[in-house]
Amino acid sequence: MSAPTPEPTEHVDTAGNPTAPVSSDRARASLESLRSEIAKAVVGQDPAVTGLVVALLCRGHVLLEGVPGVAKTLLVRALAAALELDTKRVQFTPDLMPSDVTGSLVYDARTAEFSFQPGPVFTNLLLADEINRTPPKTQSSLLEAMEEHQVTVDGAPRALPEPFLVAATQNPVEYEGTYPLPEAQLDRFLLKLTVPLPSRDDEIAVLTRHASGFDPRDLDAAGIRPVAGPADLEAAREAVAKTQVSAEIAAYVVDICRATRESPSLTLGASPRGATALLSTARAWAWLTGRDYVIPDDVKALALPTLRHRVQLRPEAEMEGVTTDSVITAVLAHVSVPR
C-alpha cells in the first residue's frame with residue numbers, strides 16, 4: 001500500500017496567529033529529530049522518548065516508573081525544550097491540596113471580587129513528580145484535567161492549553177508513605193513507561209558528561225534547541241487520525257484485550273478503553289515508522305506500555321514471580337495474528 005501524498009495543513013499558534021503550512025512528512029521528520037536532540041541531555045532512554053511522543057500524538061498521558069536518579073524529570077524538561085512547549089513541575093507530597101494543582105479563587109480587596117489564579121496544571125507538559133506520595137483526594141484533582149482537558153473551579157469550566165500532557169512519575173521500590181493509584185486513575189494514563197537503570201556504557205557516558213561540566217539544570221548550555229513545535233504536532237496528529245485500520249487489525253486488538261480478561265494469572269483484564277488506547281497508540285507508531293496503515297507488529301510494539309497498568313495480577317501469581325509484562329507477552333504469543 002503506497003502512502004498518499006501529504007497535503008500541507010494551516011495552523012495557528014498559541015496566540016491565534018496563522019503559521020506556515022506543515023506537511024505530514026515534515027512533521028514526521030521534526031518529531032524523529034527529537035530523539036537526537038533530547039540525547040544531548042539524557043543518555044540511553046530512547047524508548048521513553050518515543051513513548052512520550054506517541055502520547056502527545058494520541059492526546060494521552062504517561063506514567064513514568066523508575067528508581068530515583070534515572071533522569072525522569074530531566075527527560076520531560078528536555079522534551080518540552082525540544083518541542084518549544086511550556087512545562088511546569090509539581091512535587092506531590094502528603095500535604096499537597098487539590099487547589100495547589102488546579103488553582104483557586106483569590107479575593108482581591110481592591111476590587112472586592114474573587115479572581116481565579118490558575119495553578120500549575122495550566123501548562124503544556126505537567127510533570128507530576130512522585131504522584132503516589134499524595135492522598136487520593138489530591139490525585140483525583142488531575143482526573144478532570146486528564147480526561148476532559150479542563151478544570152472546573154466554583155462551577156466554571158476553564159479550558160487547558162493545547163497540547164496538554166501529564167507525565168507522572170513514581171518510584172517502584174519504595175512504598176512507605178505512598179498511596180497506590182486507584183485502578184480508575186491508572187486507566188486514565190495512555191502509557192506506563194518503565195525507565196530502567198542505564199547500561200554500563202551509558203552510565204560511563206553520563207559521568208563523562210558531568211565531568212566535562214554538564215549541568216542538568218541548564219538545558220540551554222547543553223545545546224538543546226527547539227526542533228519541532230505545536231504546528232508540527234498538530235499536523236502529525238491529523239496524519240495519525242488518517243492512518244488506516246483494517247477490520248482484521250481491529251479484531252486482533254479486541255482479541256488481545258479479551259485474552260487478558262480470560263488469563264488465569266489476572267483478576268482484572270484490559271477494559272474496552274484499553275482496547276481503544278492500544279489501537280490509538282498502534283496508529284501513532286505506524287505513522288512514526290512511515291506507514292499510513294497499521295500492521296500487527298505495530299500492535300505488538302505498543303501492547304506492553306499500553307496494557308501493563310490496566311491489568312491486575314492475582315496474589316498467588318504475584319507470589320510466584322509472575323509479572324504483568326510476562327502475562328501480556330504470553331497473550332501476544334497465543335493470540336492468532338491476522339494475515
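User: Which residues are linked with Arg59 in a network of salt bridges?

Analyst: This is a predicted model. Side chains of opposite charge can pair when their charged atoms come close. Here such pairs join up into a network of salt bridges, and the residues linked with Arg59 are Glu162, Glu234 and Arg237.

User: How many salt bridges does the structure hold?

Analyst: A pair counts when a side-chain nitrogen of Lys or Arg lies within 4 Å of a carboxyl oxygen of Asp or Glu. By that criterion the number of salt bridges in the structure is 17.

User: Is Arg310, which meets Asp187 in a salt bridge, buried or exposed?

Analyst: The side chains of Asp187 and Arg310 meet at 2.8 Å, N to O. Asp187 has 15% relative accessibility and counts as buried, because the cut-off for that class is under 20%. The relative accessible area of Arg310 is 4%, so Arg310 is likewise buried.

User: How many residues apart are Asp187 and Arg310?

Analyst: Asp187 sits in the loop between helix 8 (183-186) and strand 11 (191-194). Arg310 is in the loop between helix 13 (296-307) and strand 13 (312-313). The salt bridge thus links distant parts of the chain, and the separation is 123 residues.

User: Which helices does the salt bridge of Arg35 and Asp46 link?

Analyst: The side chains of Arg35 and Asp46 meet at 3.9 Å, N to O. Arg35 has 34% relative accessibility and Asp46 has a relative accessible area of 37%, so each is partly exposed, the class between 20% and 50%. The two residues are eleven apart, and the elements that hold them are helix 2 (residues 34-38) and helix 3 (residues 46-57).

User: What is the N to O distance in the salt bridge of Asp86 and Lys88?

Analyst: Asp86 is partly exposed, at 36% relative accessible area. Lys88, at 33%, also counts as partly exposed. Their side chains meet in a salt bridge with an N to O distance of 3.1 Å.

User: Which residues have the most contacts inside the largest nonpolar core?

Analyst: In soluble globular proteins, nonpolar side chains tend to be buried together. In this model the largest such core has 74 residues. Apart from it lies another core of 23 residues, including Phe116, Phe122, Ala168 and Phe189. In the largest core, the residues with the most contacts are Leu31, Leu57, Trp287 and Val299.

User: Leaving aside neighbours within four places in sequence, which residues is Val299 in contact with?

Analyst: Val299 belongs to the largest nonpolar core. With the sequence neighbours within four places set aside, its contacts are Ile249, Tyr252, Val253, Ile256, Leu278, Ala282 and Val294.

Definitions and conventions
Residues numbered from 1 in each chain as written. Predicted model: local features only at pLDDT ≥ 70, side-chain atom pairs only at ≥ 80, totals over all residues. Heavy atoms only, no water. Core = buried A, V, L, I, M, F, W, Y, C linked by side-chain atoms within 4.5 Å. Buried < 20%, exposed > 50% of the residue type's maximum accessible area, 1.4 Å probe, protein only. Contact = heavy atoms within 4.5 Å. Helix = DSSP H or I, 4+ residues; strand = E, 2+ residues; numbered from the N terminus.
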